[in-house]
Amino acid sequence: MTNEEIISKINEFLIEEFEVDGVTITPESTLKETLELDSLDYVDLVVLIEGNFGIKVKQEGFTGIITFQNLYDYVISKLAQKA
């Protein structure tokens, strides 16, 4: 799976799950404001990532994720480690 395919897949499930307009999702946008996340939504986000990509998300690795680009980079690096 290419980086572009990974990013596309992430955006697809975020748009569907959090019911946001796809144009609001840009690499520099913040997850919390764009998706209107509360603490339970972060749990949902972790479950979505784990379910869609078959990777284990650890809290300490996820705390630095502020923007969509941070999220993309995190998932891409976890998939590279898994490969």
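Helices (H or I, at least four residues) are DSSP runs, numbered from the N terminus. This is a predicted model, in which local features need pLDDT of at least 70, side-chain atom pairs count only at pLDDT 80 or more, and totals for chains, interfaces and linings use all residues. Residues are numbered from 1 along each chain as its sequence is written, and side-chain values use heavy atoms, with hydrogens and water left out.

**Exercise 1.** Determine which residues gather in a patch of negative charge on the surface, and which helix gives the most to it.

Solution. Begin with the rule: a patch is made of residues with over 30% relative accessible area and no salt bridge, like charges being joined within 9 Å. Asp and Glu count as negative, and the place of a charge is taken as CG of Asp or CD of Glu. Under this rule the patch consists of Glu12, Glu16, Glu17, Glu19, Asp38 and Asp44. Helix H1 (residues 3-18) gives the most, with three residues. Asp38 lies in the loop between helix H2 (31-35) and helix H3 (39-53), and it counts as partly exposed because its relative accessibility is 41%, where buried means under 20%, exposed over 50% and partly exposed in between (1.4 Å probe, protein chains only).

**Exercise 2.** Identify which residues of the largest nonpolar core touch the most other members.

Solution. A nonpolar core is a set of buried Ala, Val, Leu, Ile, Met, Phe, Trp, Tyr and Cys residues joined through side-chain atoms within 4.5 Å. The largest core has 26 residues, of which Ile10, Leu14, Ile49, Phe53, Phe62, Leu71 and Val75 touch the most other members. H1, H2, H3 and helix H5 (68-82) each supply at least two residues of this core, and the largest share, seven residues, comes from H5.

**Exercise 3.** Find which side chains meet in a salt bridge.

Solution. The criterion is a side-chain nitrogen of Lys or Arg within 4 Å of a carboxyl oxygen of Asp or Glu, and by this rule the count comes to one. The side chains of Glu50 and Lys56 meet at 3.8 Å, N to O. Glu50 is partly exposed, with a relative accessible area of 21%, whereas Lys56 counts as exposed at 57%.

Conventions:
Patches are made of residues with over 30% relative accessible area and no salt bridge: like charges are joined within 9 Å, nonpolar side chains (Val, Leu, Ile, Met, Phe, Trp, Tyr) within 5 Å. Accessible areas come from the Shrake-Rupley method with a 1.4 Å probe; for residues, only the protein chains shown count as cover.
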